[in-house]
Amino acid sequence: MLTSLYVEGASWFHRVPVRAKLVALAVLSIALFATDSPFLLLPAFLLSGWLYLSLGLSPREALSRVGFVFFTILILAAVNLFLVPVPQVAALVLRLMALVLFAAAVTATTTIGAFMDEITILLKPLERLGLLRAADVGLALGLVLRFVPDIFTRYQALAEAHRARGLPVRPLTVIGPLIILTLKDADTIAAAIDARGFRRQ
């Protein structure tokens, strides 16, 4: 069962500073969307896959973290096969999967606290311009990273409950209760944040 995006470890990527990882992710995103060449996208996909699998995850856990996103990408690719040429679809798949794998490697080797601190520091210039509150953005990101595994676990529990009752597990029948439970948690968390005065000046 997935309980946290962060994975304890001592790999070289664990030791890379958070800022360097975020900058690398941004640069990779720009570079991948700037080309449609499979000779560039395929090596990027393979390198991202190698990096992700080198973090010490079991094959099952590694797949569980990215499997749903990969499935969504493949559905998107299947739809695009009727709209654009095959080489463009292949470029789309390689590009998105490379980004997903690299992003998964970043989240697996960076604690939530480190993410929040770094995002807050990076957004300070925008806060000085009055465009946002850096601490709020950092807190929002931390909450997303913290509760993504909980949402995934809750989805599994709802699916198991359907199976136990002999009901077919369909996304449309599970998504509704999942959204309701998630929104209830969001209200509880928001009330707790306000009660502790985290967002007060």
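## Salt bridges within helices

R65 and E61 are four residues apart in helix α3 and are therefore separated by about one helical turn. Helices here are DSSP runs of H or I with at least four residues, strands are runs of E with at least two, and both are numbered from the N terminus. The two side chains form a salt bridge, with 3.4 Å between the closest N and O atoms; the term requires a side-chain nitrogen of Lys or Arg within 4 Å of a carboxyl oxygen of Asp or Glu. R65 is buried at 16% relative accessibility, whereas E61 is partly exposed at 29%. Buried stands for under 20% relative accessible area, exposed for over 50%, and partly exposed for values in between, with a 1.4 Å probe and protein chains only.

The model is predicted: local features need pLDDT of at least 70 and side-chain atom pairs count only at pLDDT 80 or more, while totals for chains, interfaces and linings use all residues. Residues are numbered from 1 along each chain as its sequence is written, and side-chain values use heavy atoms, with hydrogens and water left out.

A further pair, E127 and K124, lies in helix α6 (residues 124-128), where a spacing of three residues separates the two by about one helical turn. Their closest N and O atoms are 3.0 Å apart in a salt bridge. E127 is partly exposed at 27% relative accessibility, and K124 is partly exposed at 33%.

The salt-bridge count comes to four. One of these joins D36 to R95, with the closest N and O atoms 2.6 Å apart. D36 lies in the loop between α1 (18-33) and α2 (38-53) and R95 lies in helix α4, so this pair ties together parts that are 59 residues apart in sequence. D36 is exposed, at 52% relative accessibility, whereas R95 is buried, with a relative accessible area of 7%.

## Nonpolar core

The largest nonpolar core contains 35 residues, and F13, L32, Y52 and F70 have the most contacts inside it. Such a core is a set of buried Ala, Val, Leu, Ile, Met, Phe, Trp, Tyr and Cys residues joined through side-chain atoms within 4.5 Å. Two or more residues come from each of α1, α2, α3, α4 and α5 (112-122), and α4 gives the most, with 14 residues.

Leaving aside neighbours within four places in sequence, L32 is in contact (heavy atoms within 4.5 Å) with L41, A44, R95, A98 and L99.

## Nonpolar surface and helix α3

F71, I75, V79, L81, F82, L83 and V86 make a nonpolar surface patch of about 800 Å². Patch residues have over 30% relative accessible area and no salt bridge, with nonpolar side chains (Val, Leu, Ile, Met, Phe, Trp, Tyr) joined within 5 Å and like charges within 9 Å. Helix α3 (residues 59-80) gives the most to this patch, with three residues. F82 is found in the loop between α3 and α4 (86-108) and is exposed, at 76% relative accessibility.

V69 also lies in helix α3 and is partly exposed, with a relative accessible area of 36%. V69 and M97 are 28 residues apart in sequence, with 8.5 Å between their C-alpha atoms.

## Annotated regions

The unreviewed UniProt entry carries the annotation "transmembrane region" for residues 22-46, 66-84 and 96-116; such annotations may be inferred rather than shown by experiment. Residues 22-46 are 84% helix and 0% strand, with end C-alpha atoms 20 Å apart. Residues 66-84 are 79% helix and 0% strand, with end C-alpha atoms 25 Å apart.

Terms used
Accessible areas come from the Shrake-Rupley method with a 1.4 Å probe; for residues, only the protein chains shown count as cover.
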